[in-house]
Amino acid sequence: MKSVPRDTLWCRRPPAAAAYRQWLRDRGSLTSRIQQRCPAFSVKLVFQGLRRADRDERFVFPQAGRRLMLVREVYLYCRRTPVVFAHSVLDPRDLRGTWRRLTGLGTRPLGAALFADPRIKRYPLRQKNLHPHHELHRRACAVLPADPGALWARRSLFALHKSPILVTEVFLPGILRLGK
């Protein structure tokens, strides 16, 4: 990765969303923050495999329109309530090198692995209000009893040895029960 790709579709500062603002802006590990507020934390893996990157993720992976990328999707739960839908995308060729230790994560959180290695660089957070027509909105709502309407999400690019991984976290309504 020679330079940081420009994400023109997501913003650096959320315009409103007072209830979600602290969650959107916190640059620490989201997993750790949830675990501090929820002793019954768990991760449910719902998809890990090859898939085309979503349209608004292709700024990181120019070849993603033609090639399949490795996509990992999980729900983070507090007790029985889903609080976050996490979606990560990386080039599958990097699993043989830079990101090889991510292959066996299973139901362990990706965030713990990313924040454990000081060599991994995290680029600025970006936020977006996902409307029901957005690809991630539809997948994030799959476990909810009703469509909550627009959902706030944040994403960040992580890089190690010039190999990027794009991590998106969609905040589900249950996150608000955990406080700020």
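Start with the side chain of Arg 155, which reaches the backbone oxygen of Asp 56 at 2.9 Å. Keep in mind that this is a predicted model. Arg 155 belongs to strand S6, residues 151-160. Is Arg 155 buried or exposed? Its relative accessibility is 1%, and because buried means under 20%, Arg 155 counts as buried.

Next, helix H2, which covers residues 30-37. Which of its residues are buried? They are Leu 30, Thr 31, Arg 33 and Ile 34. Around the axis they span an arc of only 165 degrees, which puts them on the same side of H2. As background, an α-helix has 3.6 residues a turn, so residues three or four places apart point the same way.

Ile 34 brings us to the largest nonpolar core, which has 18 residues. The members that touch the most others are Ile 34, Leu 76, Val 83, Val 84, Phe 171, Ile 175 and Leu 178. Two or more residues come from each of these elements: helix H1 (21-25), H2, strand S1 (41-51), strand S2 (69-78) and strand S3 (81-90). Take Ile 175 as an example. Leaving aside neighbours within four places in sequence, Ile 175 is in contact with Tyr 20, Trp 23, Ile 34, Val 83 and Val 84. Another core lies apart from this one; it has 14 residues, including Leu 70, Leu 90, Trp 99 and Leu 114.

Now the aromatic rings. The count comes to 4 aromatic pairs. In one of them, Tyr 75 and Phe 85, the ring centres are 5.1 Å apart and the planes are at 55 degrees, so the pair is tilted. Tyr 75 sits in strand S2 and Phe 85 in strand S3, 10 residues apart. Tyr 75 is buried at 2% relative accessibility, and Phe 85 is buried at 1%. Together with Tyr 77, these two residues form one aromatic cluster.

A second pair is Phe 115 with Phe 158: centres 6.0 Å apart, planes at 80 degrees, so edge-to-face. Phe 115 is in helix H3 (residues 110-116) and Phe 158 in strand S6, so the pair ties together parts 43 residues apart in sequence. Phe 115 counts as partly exposed at 38% relative accessibility, whereas Phe 158 counts as buried at 4%.

Last, charges over rings. The charged end of Arg 51 sits over the ring of Phe 47, 3.9 Å from its centre. Lys 121 lies over the face of Tyr 123, 4.8 Å from the ring centre.

Conventions. Residues are numbered from 1 along each chain as its sequence is written. This is a predicted model: local features need pLDDT of at least 70, side-chain atom pairs count only at pLDDT 80 or more; totals for chains, interfaces and linings use all residues. Side-chain values use heavy atoms; hydrogens and water are left out. Buried means under 20% relative accessible area, exposed over 50%, partly exposed in between (1.4 Å probe, protein chains only). Helices (H or I, at least four residues) and strands (E, at least two) are DSSP runs, numbered from the N terminus. The arc is that of the directions from the helix axis to the C-beta atoms. A polar contact is a pair of N or O atoms within 3.5 Å; within protein, one must be able to donate a hydrogen and the other to accept it, and residues adjacent in sequence count only if both atoms are side-chain atoms. A nonpolar core is a set of buried Ala, Val, Leu, Ile, Met, Phe, Trp, Tyr and Cys residues joined through side-chain atoms within 4.5 Å. Contact means heavy atoms within 4.5 Å. Rings of Phe, Tyr and Trp (its six-membered ring) pair if their centres lie within 6.5 Å; planes under 30 degrees apart count as stacked, over 60 as edge-to-face and the rest as tilted. A charge sits over a ring if NZ of Lys or CZ of Arg is within 6 Å of the ring centre and within 35 degrees of the ring normal.
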